Amino acid sequence: MRLKRMLALAASLMLTAAPVLAREGAQQAPLQVALTMDDLPVHGPLPPGLTRAEVARRVLAAFKSAGVPEVYGFVNAKGLEEGDDAAQVLTLWRQAGYPLGNHVYAHDDLHGHDVAAFTAAVTADEATLKHYMGDADWRWLRFPYLHIGETPEKRQAVAAFLKSHGYRVAEVTLSFNDYLYNPPYARCMAKGDQAAVAQLRQNYLDRAAESLAIGRQQAQALYGRDVPHVMLLHIGAFETVMLPELLSLMKAQGANFVPLAQAEADPIYAPNPDAPSDGTGSLLDREMASRHLTPPTHSPDPSPWLDTVCR
């Protein structure tokens, strides 16, 4: 019943893209998604009895069960200071055959640092990536907070650094702020409030379905076609509960899971630091803003409600 509700929500949201489809004469392409996961090895609070390593085991099991061929895990190496349990996360990720990329040493925000400080933090992450990845390709960068630089000058400087160091930017087209659900989930599990957890589950899936629909709608509005998408997730405790349902939802919509490099080979991902932007949001959000297109309607931000759950 929950899955049927999610599919109905996604279908209703996609109806708003119908004028674009008709105008462009486009056909709805098969949904292709590269899954990525940020903030390895440590993200968010844990409910009682759950370890960082067990979070990784359950997340990886869900990906493998769904037949996901690749999931880049983006690393903040400072998280290794939490100890051996955190280090096991990266070991388990590599044992599963999944790659790691750079998420900047301490999740450093480009919009809160100058270029020199930010690029130094990028470099500081590299020793860990070399250790776990060896000769495999770890030169993908995910900007923390999806902040790519507030000004063209800052974006140009960072883009030049990344190019000279062989990096590609792991852009995002699908995100529903899944990380917001981890703190209330930990609180609810500590209280044993399963009714509240059920509410969290439903709201998470509603937001995920909306993200899929809006991302495809934005692509149609911008390019007259769907594009290979990149979804941002976070390695938090609630993902151990929700990933099987999320992946089932996506499969029910015909999703094919593809590697990151395959998705980002599409021309829309070609870097353009000169595009008018405040440097925030997904690639599609930024492009909509730069073209002065009205963004799709989103449901209300769940943050105020989530902050009250299980208090």
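Colleague: Why is strand β6 (residues 229–234) described as largely enclosed by the rest of the structure?

Modeller: In this predicted model, six of the six residues of β6 are buried, so the strand is largely enclosed by the rest of the structure. Both faces are covered: H229, M231 and L233 are buried on one side, and V230, L232 and H234 on the other.

Colleague: What makes β1 (residues 32–40) and β6 a pair of strands?

Modeller: At least two bridges are required. Strands β1 and β6 have six, in the parallel sense, so they pair. Within β6, M231 stands opposite L35.

Colleague: Why is F63 called buried?

Modeller: Buried means under 20% relative accessible area. F63 has 0% relative accessibility, so F63 counts as buried. W93 is also at 0% and therefore counts as buried.

Colleague: Why is the pair of Y181 and Y204 called edge-to-face?

Modeller: Their ring centres are 5.5 Å apart and their planes stand at 70°, so the pair is edge-to-face. Y181 lies in the loop between β5 (168–169) and α8 (182–191) and Y204 in helix α9 (residues 194–223), so the pair ties together parts 23 residues apart in sequence.

Technical notes. Residues are numbered from 1 along each chain as its sequence is written. This is a predicted model: local features need pLDDT of at least 70, side-chain atom pairs count only at pLDDT 80 or more; totals for chains, interfaces and linings use all residues. Side-chain values use heavy atoms; hydrogens and water are left out. Buried means under 20% relative accessible area, exposed over 50%, partly exposed in between (1.4 Å probe, protein chains only). Helices (H or I, at least four residues) and strands (E, at least two) are DSSP runs, numbered from the N terminus. Rings of Phe, Tyr and Trp (its six-membered ring) pair if their centres lie within 6.5 Å; planes under 30 degrees apart count as stacked, over 60 as edge-to-face and the rest as tilted.
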